[in-house]
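Hi,

Here is the structure I promised to pass on.

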There are 2 protein chains.
Amino acid sequence: MQVRKPRTSSFQAIKTDILKKIKDGYWAPGETIPGEESIAADYGCSRVTVNRALRELADSGYVERRRKSGTRVSMNMERAARIEIPLVRKEIEAKGGTYSYLLLEKEEVQTSDWVRVKLNLQKAGPVLHIRCLHLSSGIPYQYEDRWINLDRVPAARDETFKDINPNEWLVKEEPFSEAEHTFSAALADKETANLLEIAENDPLFIVERRTWQANDTITAVKLTFPGTTYKMISRG
Amino acid sequence: MQVRKPRTSSFQAIKTDILKKIKDGYWAPGETIPGEESIAADYGCSRVTVNRALRELADSGYVERRRKSGTRVSMNMERAARIEIPLVRKEIEAKGGTYSYLLLEKEEVQTSDWVRVKLNLQKAGPVLHIRCLHLSSGIPYQYEDRWINLDRVPAARDETFKDINPNEWLVKEEPFSEAEHTFSAALADKETANLLEIAENDPLFIVERRTWQANDTITAVKLTFPGTTYKMISRG
DNA sequence: ATTGATATTATGTATATACATAATAGGTCA
DNA sequence: TGACCTATTATGTATATACATAATATCAAT
């Protein structure tokens, strides 16, 4: 198996080559692949370059490396799914729908114990409660129930959220550094069913997200999709 | 416990320091952080070492880098969730339950068009259909409906699957290099409700997975959880 | 045979150096 | 003013070299 040699060998090319050999089964899972020195010789490059290629493959979980033993193809490729959660507008437009948005409620409330737990707040403070609906070509697509920590994001008080939805506003105004996502299924209660224009007790797919920045909770949101039509797919 | 301090600066330490400053808000999202040379001077190390630290932070999505402009803290930390899908036995045991397993059906069938699409098979061939139930302390936890490509995994024909569940057997016998996951919600039909010991039309949380190795489909499986109790959580 | 010390080996990291490349800034000329 | 060129700058990559470290292999001592 002869390899084309560019003027300068690129760790990218080596990485791609090796990954291809793994995906094609040229090196089977569990098999030990040649050492860095050996690969470096094949490509006529330095060991450090091969090291980087293999290290990144190890970071992605394709190979496992142990000193002295060498590098082997991973036995069980990650049974982890990486799920992108796009902006609902983009998601709808990507599917060919026309996005529209309806603000149902915007109300400032004081933190009850219940909200404090939901938002993971240390101390009491004002909170903005927003409920809204996202539609695809006029058909309800996602119902959003959101709480915003006004101590942390006071500017939300002055935003009407009539021309921009809370998610896009927050992305613009208040970035976060950490997030927690929960995925679950449930049945539609009467109110949710009405909003989403589905039958009561139809299935719902629910995504809940809480975000933080510098240890302060920014927002907690519950996104509800009609479960008969909505799927999240992750391929890797 | 005494840890010896390495006498040279480590890219790990730099990476951790910088990440902490980001998480703590010392550098706000959108803010440009000092250049590599500058950080290298601070730590008394070479620029290449800083480069690696920053590069890995960029790979993880914490910072964005552009030549000439510099490195800035990401505005919107990845709205991507990484979901680990553990072996059901381990998941149950981690929650304090006692795992048990019930094989419901094991049947070899010829590929119908329907199965061919499901398994993404190029050509017709024998397929093993397995249905089984995973229980936590005697309570149904997950219903599994699986198809295995016998052309690719002929050994499955001779395995009874009485003492080991299909997932664990496959992990051991037939590694894969690629997987696709789908998450959705649905209502329990009569049969599924009976198996999971829930009411008909109760909500279900459904994970579907298809796996490949070297362009051959290995298996397609549908994992069904009672939606009233099951949640998938991802924190990052 | 078991234990323990020692050598070997493959990967892991740090550094200086050199050059590549993308993006920007500044300047020239029409 | 705008089109175009050039210089500058921060990051990106490649390499040789050196040493660190973990895991294994080897061999001697008991």
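Let me start at the DNA. H3(B) makes the biggest contribution to the surface near DNA strand D, with 4 residues. Here "near" means that a residue's C-beta atom, placed from the backbone, lies within 6 Å of the strand, and helices (H or I, at least four residues) and strands (E, at least two) are DSSP runs numbered from the N terminus.

Before I go on, some housekeeping. This is a predicted model, in which local features need pLDDT of at least 70 and side-chain atom pairs count only at pLDDT 80 or more, while totals for chains, interfaces and linings use all residues. Residues are numbered from 1 along each chain as its sequence is written, with chains lettered from A and ligands numbered from 1 in the order in which they are written.

Back to DNA strand D: 24 residues surround it, and the closest are Ser10(A), Cys45(A), Ser46(A), Lys68(A) and Gly35(B). Two or more residues each come from helix H3 (47–59) of chain A, and from helix H3 (47–59) and strand E3 (70–73) of chain B. By class, that surface has 6 nonpolar, 10 polar and 8 charged residues. For the classes, Ala, Val, Leu, Ile, Met, Phe, Trp, Tyr, Cys and Pro count as nonpolar, Asp, Glu, Lys and Arg as charged, and the others, Gly among them, as polar.

DNA strand C has 23 residues around it, and Gly35(A), Ser10(B), Phe11(B), Cys45(B) and Ser46(B) come nearest. H3(A) gives the most, with 4 residues. The split by class is 5 nonpolar, 10 polar and 8 charged.

How do the protein chains relate to each other? A rotation of 180° with 0.0 Å of shift along its axis superposes chain B on chain A, with an RMSD of 0.1 Å. That is the relation of a two-fold axis. Within chain B, Arg82(B) comes closest to the rotation axis, its C-alpha at 2.3 Å.

Now the protein interface: 44 residues of chain B are in contact with 44 residues of chain A, contact being C-beta atoms, placed from the backbone, within 7 Å. E8(B) supplies the largest share of chain B's side, 10 residues. That side divides into 23 nonpolar, 12 polar and 9 charged residues. The copies meet through the same surface, because 100% of the interface residues of chain B are also interface residues in chain A. Strand E4 (residues 80–84) of chain A pairs with E4(B) in the antiparallel sense over 5 bridges (pairing needs at least two DSSP bridges). Ala80(A), for one, has Glu84(B) as its bridge partner.

As for chain A itself, there are 7 helices and 11 strands. The C-alpha atoms fill a box of roughly 65 × 40 × 30 Å along the principal axes.

The C-alpha atoms of Ser136(A) and Thr32(A) are separated by 51 Å. Leaving out residues up to four places away in sequence, Ser136(A) touches Ile92(A), Lys95(A), Gly97(A), Tyr99(A) and Tyr141(A).

Cheers

Note on methods: Contact = placed C-beta atoms within 7 Å. Least-squares fit on C-alpha atoms with pLDDT ≥ 70 in both.
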